[in-house]
Amino acid sequence: MSDMAGAISDARATATRKEGSLLVIGLVGFSSSLTWVFLLLTTAAPTAVHSWYESWFVRVIMIAGAAIALFVCWLLAEFISRRSWFLPVVGLLALSSCLVLLFPSLADIAHVVFLVWGLAGAGGACVFLLWGGFFSAHGRSRGLPYLAGSVLLAMLLALGISFLGRSTSFALATILELLSMVILVSLQNLWRSSSREEIESISEADDRSGPSWQSALMTGVFGVGLSFSLYYLVEQALLTPRVMFALGGAVGLSCVVILFDARKTHVITRTLLLKLLAPCVAVGLFPMPFLGVTGRVLCNAFLLFVFMTHVIVNLGVASKEVGLTGLSPVRVFSISGVAGAFGMMAGWLLGYGTFRVADGALVIAVPIGLMCMFILIAALIVEDPYTDGVALSSPRGDSSEEQDAGPSSSRGKSLWKQRCSMVADRYGLSSRESEVLFLLAKGRNAEYIENKLFISNHTAKAHIYNIYRKTGVHSRHELMDLIERFNIPRERT
């Protein structure tokens, strides 16, 4: 028995080291991709600037290209999920078009510039979906720190490259995104061989596998706020070295806060961030109409910090929930990406209208924006970020309760159920509340619980309320976090 236990321990250690190595390589590759995003949204721009369009307009075109590509991927989610070659090939072809702008004669043609930047956005969308699937499969418990680390590394790279000039920045950004694609393709075989069953279990597209309208709206709101503040720093304040350091400091600070929380305090949750969003936006927006350039730079840097923190945390949450619940990464990240891209386009255009067209409009825009923000926050603090039908899936399509009870392997399902039992014991849940807890942990909603347990809707909601009250959580995501933190003793496994 001791030899068997030692062998199991060695196998676990080897698997952990391999998983860690994949995540480190993935961090480098994802950082390369994010550096491309930062550079194209800040310093990199076409060599020619015509009288009827400016750099802000081609950036809107890039975001629109990403939105269209993500929407198409959402429509073709089942086709794409079953063909692992599709996203790398399409992404590589689309990104390769950026090399066209390295030739001055072609970079002077407006229509070529528009087409290339639109294709760049589409290629970036493909890379985003691939990295989303990667972190969903390998970063369940560690995904958020790795995402924050990737963003921090990418920001540092972008700051260094930004001082090399616009044309050089564009060339290096393109090379970095192509490098990210190469790393993704290189990881694909290791990825599949290390957890083939796990990958298959989260690759099946399903009509139920998508965020709810609240989650999509939340992503759109973050996109508006992020690009509104980014517009002022990039286009209006003209990205002087001082502004660049303010921008980098805001993004870097959000990453440091998330990394510190993941390491030490563990208090940052999506619900907490939503509750703090409106006051933070008020602090950033209210003084802006009465300040000069330096004051507005600081206000927008603060808003960038706030919204960047939300974006990183929500990406980490989405990756974790896709991995735990067996949702389709293509469907989840594509529809969320569409909402975020449309939000970014709206924020960029709103920034242009507010700061460039009529600067006096800022006095009117601030109270209206705050009013809308408070209304949206009230609508967004919800129990479940996913549609009602979401449940943990089985790679074999078995819909029985035991088959879709937890992670994809049968041992994972057993451990997940044991964790639920431990939570029930720890917080003194009744036998009926324990049953409801198990169904909640699988992504079931009140209506499903009502039909499954043959109880009234009022009783089902009362049990859910009691579970939340006894465990001290406020959302299903926090409940899943709580369950996952319970370690199974060796003798029980």
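Student: Which helix is His310 found in?

Tutor: His310 is in helix α13, which covers residues 293-325. Helices here are DSSP runs of H or I with at least four residues, strands are runs of E with at least two, and both are numbered from the N terminus. Before we go on: this is a predicted model, where local features need pLDDT of at least 70, side-chain atom pairs count only at pLDDT 80 or more, and totals for chains, interfaces and linings use all residues. Residues are numbered from 1 along each chain as its sequence is written, and side-chain values use heavy atoms, with hydrogens and water left out.

Student: Thanks! Is His310 buried or exposed?

Tutor: Buried, with a relative accessible area of 3%. Buried means under 20% relative accessible area, exposed means over 50%, and partly exposed is in between, using a 1.4 Å probe and protein chains only.

Student: What is His310 in contact with, leaving aside neighbours within four places in sequence?

Tutor: Phe222, Leu273, Leu274 and Leu277. Contact means heavy atoms within 4.5 Å.

Student: Zooming out, how many helices and strands are in the protein chain?

Tutor: The protein chain has 20 helices and zero strands. Of its 493 residues, 56% count as buried. Among contacts between residues at least 6 apart in sequence, 82% join residues at least 24 apart.

Student: New topic: how many aromatic pairs does a search of the whole structure find?

Tutor: The search finds 13. Rings of Phe, Tyr and Trp (its six-membered ring) pair if their centres lie within 6.5 Å; planes under 30 degrees apart count as stacked, over 60 as edge-to-face and the rest as tilted. Take Phe128 and Phe333: their ring centres are 6.0 Å apart and their planes are at 85°, so the pair is edge-to-face. This pair links distant parts of the chain, with Phe128 in helix α6 (residues 110-138) and Phe333 in helix α14 (residues 329-357), 205 residues apart.

Student: And how accessible are Phe128 and Phe333?

Tutor: Phe128 is partly exposed because its relative accessibility is 25%, whereas Phe333 is at 2% and counts as buried.

Student: What about Trp131 and Phe134, how are their rings arranged?

Tutor: They form an edge-to-face pair, 5.5 Å centre to centre with 85° between the planes. Both lie in helix α6, three residues apart, about one turn of the helix. Trp131 is buried at 1% relative accessibility, and Phe134 is buried at 0%. Ring pairs also link Phe30, Trp131, Phe134 and Phe135 into a cluster.

Student: OK, helix packing now. At what angle do α17 and α20 pack?

Tutor: About 105°, with their axes 10 Å apart. Axes are lines fitted to C-alpha atoms, for helices over the stretch in contact, and angles run from 0 to 180 degrees between N-to-C directions. The two helices are therefore roughly perpendicular; angles of 65 to 115 degrees get that label, under 35 is roughly parallel, over 145 roughly antiparallel and the rest oblique.

Student: Which residues meet there?

Tutor: Leu437, Leu440 and Ala441 in α17 meet Arg476, Leu479 and Ile483 in α20.

Student: How many residues of α20 are buried?

Tutor: Nine of the ten residues of α20 (residues 476-485) are buried, including Arg476, Leu479 and Ile483.
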